[in-house]
Amino acid sequence: MVNDPVIVSITNQKGGVGKSTTAISLAATLVTGGLQILVVDLDPQGNATSGLGVDRSHLNGSMYDVLLGDTEVDAAMVETSTPGLWVLPATIDLAGAEIELVSRMSRELRLKNELQRCERRFDAIFIDSPPSLGLLTINGMAAADEILVPIQAEYYALEGLSQLMSNIDRVKAHLNMGLTLEGVILTMYDNRTRLAKDVGDQVRAYFGDRTYRTIVPRSVRLSEAPSYGEPIEAYDPMSRGAIAYRELGREWRRRHGFD
Ligand SMILES: Nc1ncnc2c1ncn2[C@@H]1O[C@H](COP(=O)(O)OP(=O)(O)OP(=O)(O)O)[C@@H](O)[C@H]1O
Ligand SMILES: [Mg+2]
C-alpha cells in the first residue's frame, strides 16, 4: 500500500526566522535517510528554489502557473542535485498570483487541489511559506496536514504568534478541519545568551510537547549554504548546523512513525 504524503506547511508570518532554511535542510536530511520529498516554494522571493540550486531561467513552469491552473505540478517540479529531493519552484511573478487569484473559484484551495493531482509519489511535502498571512500562506495551510513553526530565539520572537494561532483556527474552521499545529522549532539559537534561554523557556511553556527537543544553533555555515545552492547536508555535513538538522530529521521521523 502506498501512503499519502505527509504535507507540512512551514509557517510564521514573521520574516527571517528560518522557514526556508528549515524547509531545505530538513528535507535534505530526510532524503539522505531514504525518503522522497517535495519542497513547495510558496514564496515569491524563491529562497527555497535558489537555496536548492535550481536555475530559474530554465523552468517548464513555476508555482505561479500551477496556482493559476496553467501547468501541472508534475510538469513544473524539478529534481535538485540531491536525488529524491524535488522542488516546485517559485519565481517573482508569484507575487502577482495573490491578486490574480482573488477573483478565481476556490482561491484558497488551489494548491490543495493541484497537489492531489500530483502523480509522483512522495513521503512528505514541505511547503515553504512567505512571511505574510495572505492568500499564498492560506493556500499552504489549506493544503497541509500539519503546521511547523520555526521561531527565532530572539527578542520579539513570540510577537505575532497569537495572530498566527488565530489564523490557524480560522483555516481549521473554514477550509481544513484536520489541520494541526504539529511542532515548533527554535532556530538561530545562541546558547551564550540569556535571552535565547528565556525565549526557549517561554516557547516550551506555551507549546509544551509540540516544541521539538532539537534546537538549531546560529551557524554561519547555514547562512552560507544557499549562495552555493546546496543544502547544509551537502555543503558542510560536519558543521553544527548540519548536525542539528540531522538530529531534527531523526526527531521528525520518530514523531511521524517513519522509524
Ligand atoms: N541557524 C541559523 N544560523 C545562522 N543563520 C541562519 C540560520 N538559519 C537561517 N539563517 C539565515 O538567516 C536568514 C533568514 O533565514 P531564512 O531565509 O531561512 O528565514 P525565512 O523565515 O525563510 O525568511 P523569510 O521570512 O524572508 O522567508 C537567511 O540569510 C539564512 O541563511
Ligand atoms: Mg523564506
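Modeller: A crossing of two helices is called left-handed if the near helix is turned anticlockwise from the far one by less than a right angle, and right-handed if it is turned clockwise. With that in hand, and bearing in mind that this is a predicted model, we can look at helix H1, which spans residues 19-32, and at its partner helix H12, residues 240-255. Two packed helices are described by the angle between their axes and the distance between the axes. Here the axes of H1 and H12 come within 9 Å and cross at roughly 70°, which makes H1 roughly perpendicular to H12, since angles of 65 to 115 degrees are counted that way. The crossing in which H1 passes H12 is right-handed.

On the H1 side the residues that meet H12 are Ser25, Leu26, Thr29 and Leu30, and on the H12 side they are Tyr245, Arg246, Leu248, Gly249 and Trp252. Sorted by class, this contact between H1 and H12 consists of five nonpolar, three polar and one charged residues.

In total 20 residues surround ligand 1, and the closest are Gly15, Lys19, Ser20, Thr21 and Pro131. The shell as a whole divides into six nonpolar, 11 polar and three charged residues.

Strand S7 pairs with S6 (residues 146-152) in the parallel sense over seven bridges, and one of the bridge pairs joins Ile147 to Leu181 in S7.

Definitions and conventions
Residues numbered from 1 in each chain as written. Chains lettered and ligands numbered in written order. Predicted model: local features only at pLDDT ≥ 70, side-chain atom pairs only at ≥ 80, totals over all residues. Pairing = 2+ DSSP bridges. Helix = DSSP H or I, 4+ residues; strand = E, 2+ residues; numbered from the N terminus. Near = placed C-beta within 6 Å. Nonpolar A, V, L, I, M, F, W, Y, C, P; charged D, E, K, R; others polar. Axes fitted to C-alpha atoms, helices over the stretch in contact; angles between N-to-C directions. Parallel < 35°, antiparallel > 145°, perpendicular 65-115°, else oblique. Contact = placed C-beta atoms within 7 Å.
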